[in-house]
Amino acid sequence: MFYLTEAEDYIRVEPKLFCLPTMQAIKTQLNETNVNHVDRELGYVVSVIDVLEVGEGIIISGDGAAYYKSRFKIVTWKPELQEVVPGKISEVTNFGAFMNLGVMQGMIHISQTMEDYVSFSSSNTLSGKSTKRVLKKGDSCLARIVAISYKGDIPKIGLTMRQPGLGKIEWIEEEKKKSKAAAKKLA
């Protein structure tokens with residue numbers, strides 16, 4: 001889920017940025033040091049939106065940089081358990097598929113791709129035995145986040161598509177049509 005967060009911190013502005021106006025130097029420094037950074041509490045920092053307030057600069061002996069107490073707004077993306085996320089399949093392997101979530105990548109184990117016996121084919125696709133459904137690179141899907149691990153630099157996100165309303169977009173549309181046809185038949 002995306003969040004707009006207001007934060008306050010001392011920003012270390014490197015000497016190479018002293019030629020810029022202070023607000024611009026701080027925003028540039030924030031972008032260089034924080035964008036694409038992952039914090040367990042905040043999530044993945046997508047962008048620095050604005051610098052709201054800048055205090056007096058402080059110079060520390062032996063350090064050529066200046067430090068400014070600043071308030072700023074950032075956009076972050078933090079995966080939440082049970083959140084439904086859209087994405088595109090970026091890679092298919094013999095153990096599952098990787099889905100690009102826009103900001104990060106999640107992994108769908110082969111057993112979580114569909115309600116069927118699934119096999120990996122030499123054409124880099126996952127195929128359902130009885131349903132004949134095929135999952136390949138580039139497919140748009142909906143998945144649910146079922147696991148998040150913060151070990152390492154980038155969180156590892158586990159996904160499932162084995163729930164009603166989830167899976168490849170074409171499969172979801174197919175199920176909707178079947179439900180409508182069944183409802184008409186009953187009426």
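Good morning. I begin with Phe95, which is partly exposed at a relative accessible area of 39%. On this scale, buried means under 20% relative accessible area, exposed means over 50%, and partly exposed lies in between, with a 1.4 Å probe and protein chains only. Phe98, by contrast, is buried, with a relative accessible area of 18%.

Before going further, the basis of these values. Residues are numbered from 1 along each chain as its sequence is written, and side-chain values use heavy atoms, with hydrogens and water left out. This is a predicted model, in which local features need pLDDT of at least 70 and side-chain atom pairs count only at pLDDT 80 or more, while totals for chains, interfaces and linings use all residues.

The term pLDDT is the predictor's confidence in each residue, from 0 to 100. The chain has a mean pLDDT of 93, and 100% of its residues reach 70 or more. Where is confidence lowest, and where is it highest? The lowest mean, 86, belongs to strand S2 (residues 38-39), and the highest, 97, to strand S6 (residues 96-100). Helices (H or I, at least four residues) and strands (E, at least two) are DSSP runs, numbered from the N terminus.

I return to the two phenylalanines. How far apart are the ring centres of Phe95 and Phe98? Rings of Phe, Tyr and Trp (for Trp, the six-membered ring) pair if their centres lie within 6.5 Å; planes under 30 degrees apart count as stacked, over 60 as edge-to-face and the rest as tilted. By this rule there is one aromatic pair. Its members are Phe95 and Phe98, whose ring centres are 6.0 Å apart and whose planes stand at 90°, so the arrangement is edge-to-face.

Now to strand S6 and its partners. Four of the five residues of S6 are buried, so this strand is largely enclosed by the rest of the structure. Two strands are taken to pair if DSSP finds at least two bridges between them. Strand S5 (residues 84-93) runs antiparallel to S6, and five bridges join them; in this pairing Thr93 stands opposite Gly96 in S6. S5 and S6 form a hairpin with two residues between them. S6 also pairs with strand S7 (residues 105-109), again in the antiparallel sense and over five bridges. The bridge partner of Phe98 in S7 is Met107. The hairpin of S6 and S7 has four residues between the strands, and Gly102 there takes a positive phi near 95°.

Most residues other than glycine have a negative phi. Gln82 is not a glycine, yet has a positive phi of about 75°; Gln82 lies in the loop between S4 and S5 and is partly exposed at 47% relative accessibility. Lys132, also a residue other than glycine, has a positive phi near 65°. Lys132 sits in the loop between S9 and S10 and is exposed, with a relative accessible area of 64%.

The side chains of Arg133 and Glu175 are joined by a polar contact of 2.8 Å. A polar contact is a pair of N or O atoms within 3.5 Å; within protein, one must be able to donate a hydrogen and the other to accept it, and residues adjacent in sequence count only if both atoms are side-chain atoms. Leaving aside neighbours within four places in sequence, Arg133 is in contact with residues including Met114, Leu126, Trp171 and Glu174.

Next, the open sheet. Four strands form it in the order S1-S4-S3-S2, with antiparallel pairing. Strand S1 (2-13) and S2 stand at the edges, each with a single partner strand, so one side of each is left without a neighbour in the sheet. Helix H1 (residues 22-34) packs on this sheet, touching S1, S3 and strand S4 (66-77), and its direction makes about 140° with that of S3. Axes here are lines fitted to C-alpha atoms, for helices over the stretch in contact, and angles run from 0 to 180 degrees between N-to-C directions. S2 is joined by two bridges to strand S3 (residues 43-59), the two running antiparallel, and Asp39 stands opposite Gly43 in S3.

Finally, a separation: Ala183, in helix H2 (residues 169-186), and Glu56 are 127 residues apart along the chain, with 68 Å between their C-alpha atoms. Thank you.

Key. Contact = heavy atoms within 4.5 Å.
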